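Student: I would like to go through this model by question and answer.
Tutor: Go ahead, and we will begin with strand pairing.

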Amino acid sequence: HHFTLPNGLRVLVHPVRGSQVAAFNLMYKVGSGDEAPHRTGLAHLFEHLMFSASQHVPSYDQALQRVGGQDNAYTTFDVTNYYCVLPSSNLETAFWLESDRMYYLSCTPHHLEVQRKVVIEEFKQTCFNKPYGDAWHHLLALAYEGHPYSWPTIGKEISHIEDVTLEEVKAFGKRFYHPSNAVLVVAGGVNLPEVKRLSEKWFSLESSPAKIDRVAPLAPAQRRKGQSKRVSGHVPFDVLYLAYHLPPRSHHDHLSLSLLAHLLGTGKSSLLYQKLVEELGWLTDLSIYTTDMLQGDLFMIEAELSEGTTFAQVEEVIKKTLADICTTQIAPLLWEKVKNQFESHHAFSHTSLLERADTLAYATWIDNPNFFNEEVGTRLAELSPEEMQAVGKRLLTHDKAITLQYAKQGKSS
């Protein structure tokens, strides 16, 4: 069920009969893709600030824990998501807490300094002190030019977080953190009339939708192709990253690329795993996935090389296998197996109330709350191997690959 408040807040209700818990998921359409090149990491920093005090709530976490709830949040290129799980009988507590920090966040110099230190430490730990921590800084800069997708969610440079002012932070919050830029999903032991009553009670402060000034959409010219780079560091293995530009997550072709990723790299029986890990022994690990960005996605291949294997050897096999899989007839039994894998992965990953609520919210930003149900429930059955191959042949070609070679310190080849 779904409805929209006069101020633009979209609300989805997913009742689960017999459930005694509720998942409360509030997703704002703001991420690192809404930042300026000179001030990155703002979306992630603001996510942390939202866990500071608000006018009527000295401690968000403590107030939620008192009623048996747990919470967390995350920031991506496109969205920032706040979620909690609590007993259904205490659902109104989640409405109170989330609305209070939407409307009355205590954005003070003290709160900014506390969260600034936390985020700076996280930046150091994840990007500087962790093996391959800066890989995505290099990779995204290779893949995108002149667009906020060209830096990771945590930020491009640590100085951007160090130098951000309270005025800039407040302006960022005012720009994006309001009802018309949010989707609320309430799932579990809930019902439509009660959710509607609570939504109107706690989220109707603003009477009309606000206008949002967004970063310009990703242009074709901003998708770089054929770029390559080699970096080195104190890491245990050489790792090869290959990236290919895809259409946005909402595009019809995306399902074909997801199936292709499963066929090539999901499980020990997948084609590239069998070839590079089991048969040749050139890799110790392999991962293939799509990044699910709203404006323009990436098809990612990450390969962890065995000692004595060269980047050139692995690249050659990967690119040849990609070309072969897009031109060679796929056996019907293999095709059914891959589709079953994809469907079961989707089903098992959504046994959690939180996962279902998160997916429904994200689908709403694709402008169709039923998007993933239709993709798996209808389009998956209709997809042919020939259609998948045609999409792969068009998008995953040698000349379009973004290549990052991350070598062990001091290695020359």
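Student: How many bridges join strand β8 (residues 239-245) to β11?
Tutor: This is a predicted model, in which local features need pLDDT of at least 70, side-chain atom pairs count only at pLDDT 80 or more, and totals for chains, interfaces and linings use all residues. Residues are numbered from 1 along each chain as its sequence is written, and side-chain values use heavy atoms, with hydrogens and water left out. Strands (E, at least two residues) and helices (H or I, at least four) are DSSP runs numbered from the N terminus, and two strands pair if DSSP finds at least two bridges between them. β8 and β11 run antiparallel, and the number of bridges joining them is five.

Student: Which residue of β11 is the bridge partner of valine 239?
Tutor: Valine 239 falls in β8, which spans residues 239-245. Its bridge partner in β11 is tyrosine 406.

Student: Do β7 and β11 run parallel or antiparallel?
Tutor: Strand β7 covers residues 228-233, and six bridges join it to β11. One of the pairs sets serine 232 against alanine 407 of β11. The sense of β7 and β11 is parallel.

Student: Why is β11 described as largely enclosed by the rest of the structure?
Tutor: Buried means under 20% relative accessible area, exposed over 50%, and partly exposed in between, with a 1.4 Å probe and protein chains only. Strand β11 takes in residues 402-408. It is largely enclosed because the buried residues among its seven number six.

Student: How many residues of strand β3 are buried?
Tutor: β3 is made of residues 21-28. It is largely enclosed by the rest of the structure, since the buried count among its eight residues is seven.

Student: Which residue in β5 stands opposite tyrosine 28?
Tutor: β3 pairs with strand β5 (residues 80-87) in the antiparallel sense over eight bridges. Opposite tyrosine 28 stands threonine 80.

Student: Which residue in β6 is the bridge partner of alanine 22?
Tutor: β3 also pairs with strand β6 (residues 182-188), over seven bridges in the antiparallel sense. For alanine 22, the partner in β6 is glycine 188.

Student: Is serine 54 buried or exposed?
Tutor: Serine 54 sits in the loop between α1 (42-49) and α2 (60-65). Contact means heavy atoms within 4.5 Å, and, not counting residues up to four places away in sequence, serine 54 touches Asp100, Arg101, Tyr104, Leu105 and Ser106. Its C-alpha atom is separated by 6.3 Å from that of aspartate 100, 46 residues apart along the chain. With 7% relative accessibility, serine 54 counts as buried.

Student: Which residues is serine 250 in contact with, leaving aside its neighbours within four places in sequence?
Tutor: Serine 250 belongs to the loop between β8 and α9 (254-265). Its relative accessibility is 37%, so it counts as partly exposed. Its contacts, with those neighbours left aside, are Ile366 and Phe371.

Student: What is the radius of gyration of the protein?
Tutor: The protein has 15 helices and eleven strands. The radius is taken over C-alpha atoms, and the globule rule is 2.2 Å times the number of residues to the power 0.38. For 413 residues the rule gives 22 Å, so the protein is as compact as a globular protein of that length, with a radius of gyration of 23 Å.
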